[in-house]
Each structure stands twice: as C-alpha cells, then as structure tokens.
Amino acid sequence: MMFRVMIAGLLIGLAVTSHAEGILFKVPTRDGVVTTLFWETAPDAKATVFLFPGGGGGFGKFEDGKATGGNFLVRSAPYFLANGFNVAIFGRPNDMDELGWTERTEPKHMTDAAKVLEFVKQKSGLPVWIVGTSRGTVSATAMAINVHDPAIAGLVLTSSVVRFATPGAVPRQDLKAITLPVLVYHHAKDACKHCQASEAPYIIKGLSNAPVKKLMVVDGGANPTGDECAGQHWHGFIGMEREAINQIADWIKKPIN
C-alpha cells in the first residue's frame with residue numbers, strides 16, 4: 001500500500017522523564033496513542049540520527065539517563081554522540097507489544113514515525129539521518145519512501161533485511177521512490193537468513209533515483225554469541241561497534257558513492 005505523510009502541526013501533552021544525559025519522551029502520535037522516544041544531544045552537534053532498532057522494536061529500559069537495550073544501534077548510541085550527532089531512538093507505540101514485520105510498513109507506523117520526527121525537529125533544527133538495523137531497516141526504508149520532510153538528509157541501512165520472501169524486505173519496497181543519499185552497511189559474516197550479505201547489492205540496484213548510494217561490506221569484531229539474527233552476533237557488529245559507527249559517521253559527514 002502506498003502511503004504518504006506530510007508533516008504539520010505541533011505536539012502537545014508530552015510525558016517526560018529526564019536524567020543527567022538522555023531524556024525519555026512519550027510523544028502523542030495518533031488518537032489516544034503515544035510513542036516512546038529516547039533523546040540525547042551532542043555538544044556542537046552536526047546532525048541528528050533517527051534510529052530504528054531491530055527485533056520487536058524499542059530500546060530497552062530507560063535507566064540513569066541511558067537506553068539499556070542490547071541492539072546494535074542502541075548500545076552504540078554513545079559512539080554516535082562522540083561523532084557529533086544528536087541521538088533520537090524510536091521506541092514503540094503503546095498500542096503495540098512489538099513492531100513485527102508487516103507492522104513496520106503500515107500507515108499507522110508511518111504516522112507514528114512522522115509525528116516523532118516532527119517532535120525531533122522541534123528539539124533540534126539540524127538535518128536528520130534515518131538509520132535502521134535488522135528489522136529496523138524495514139521501518140527506515142518505509143519512512144524514507146513515505147514520509148516527505150525536507151529535514152530528512154539521508155538514509156543508512158545496517159544489517160538490512162534483504163531476503164525477498166520476508167515481509168517488508170528492503171528490496172521489496174519502492175526503492176526507486178527514494179531520492180536521498182543511502183548507505184548500505186553490512187557485515188560479511190552476517191549469518192541471519194533474512195540478512196545475507198550476498199543479497200545486499202539488490203538494494204543498491206533498486207535505488208535508481210538516489211543521488212548517492214554506497215554499499216560497504218565489512219569484516220571484523222569478535223566473540224559472536226547467541227542467535228545469528230540478534231545483536232550479539234556478527235549481525236550486530238559485535239566487537240566492532242566503535243569502528244562501525246565511526247565509518248558510518250564519516251560517510252554521513254561526506255556521502256560518496
């Protein structure tokens with residue numbers, strides 16, 4: 001289903017929990033629905049990264065001003081901050097226990113994403129880069145296609161869902177509608193059946209109207225454990241988080257093919 005969201009209006013009625021570093025917001029996104037957002041600013045920030053974690057979504061518990069989830073993007077938030085990016089982590093709406101495969105491309109998810117983006121823009125007027133990992137790449141791609149806002153500067157997809165049979169897989173989406181710079185960042189040893197590195201080039205092939213598009217297949221890290229589709233395996237760039245974020249940050253600062 002093709003769905004477009006235009007940004008307008010102001011957000012009100014936010015429930016806020018604040019600590020020394022990050023802040024937890026509950027952003028009204030639909031009638032009777034709030035979506036959680038983790039927000040942390042970087043000194044002299046250059047841009048904001050709008051992060052979509054994988055799995056069922058969310059960023060773990062909010063403790064002592066930090067998001068505690070083990071997802072690659074969540075645990076790597078400090079490295080984005082160190083590179084001069086504000087961090088906005090999209091959580092979950094309170095009418096969903098988790099963000100599954102199909103939910104991530106549905107109109108109500110795009111409405112939630114657009115409203116959270118609107119709030120992020122009120123917090124900072126800097127350019128916004130959408131970044132997804134694993135199942136979060138389904139959301140990130142759908143947002144780049146359907147949420148039209150000049151604040152969105154580009155798209156970064158890490159450990160992308162590329163298996164065509166998987167609902168919402170990035171290559172199945174309308175990639176030709178994306179007119180933003182795109183980085184596809186993937187681990188060569190990713191063993192998740194939905195996210196094989198050998199299929200990542202299909203994303204680049206589909207991005208026929210992206211002004212800049214780059215595929216980076218990397219190797220590195222150490223000590224993968226647990227589920228091959230989870231954050232503590234090669235799929236989550238285990239043991240090379242700082243290196244991965246530094247490479248992604250360098251590309252965001254200077255996007256090249």
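I take buried to mean under 20% relative accessible area, exposed over 50%, and partly exposed in between (1.4 Å probe, protein chains only).

I note that this is a predicted model, in which local features need pLDDT of at least 70 and side-chain atom pairs count only at pLDDT 80 or more, while totals for chains, interfaces and linings use all residues. Residues are numbered from 1 along each chain as its sequence is written, and side-chain values use heavy atoms, with hydrogens and water left out.

Entry on salt bridges. I counted a salt bridge wherever a side-chain nitrogen of Lys or Arg lies within 4 Å of a carboxyl oxygen of Asp or Glu. For positions I used helices (H or I, at least four residues) and strands (E, at least two) as DSSP runs, numbered from the N terminus.

Entry on arginine 30. I found its side chain in a salt bridge with that of aspartate 112, at 2.8 Å from N to O. Arginine 30 belongs to strand E3 (residues 23-30) and aspartate 112 to helix H3 (residues 107-123), 82 residues apart. Aspartate 112 is buried, at 0% relative accessible area. I also noted a network of salt bridges that links Arg30, Asp95 and Asp112.

Entry on lysine 66. Its side chain meets that of glutamate 40 in a salt bridge of 3.0 Å, N to O. The pair joins strand E7 (residues 66-67) to strand E4 (residues 33-40), 26 residues apart. Lysine 66 is partly exposed at 30% relative accessibility, whereas glutamate 40 is buried at 8%.

Entry on aspartate 149. I recorded a salt bridge to lysine 121 at 2.7 Å, N to O. Aspartate 149 is buried, with a relative accessible area of 9%.
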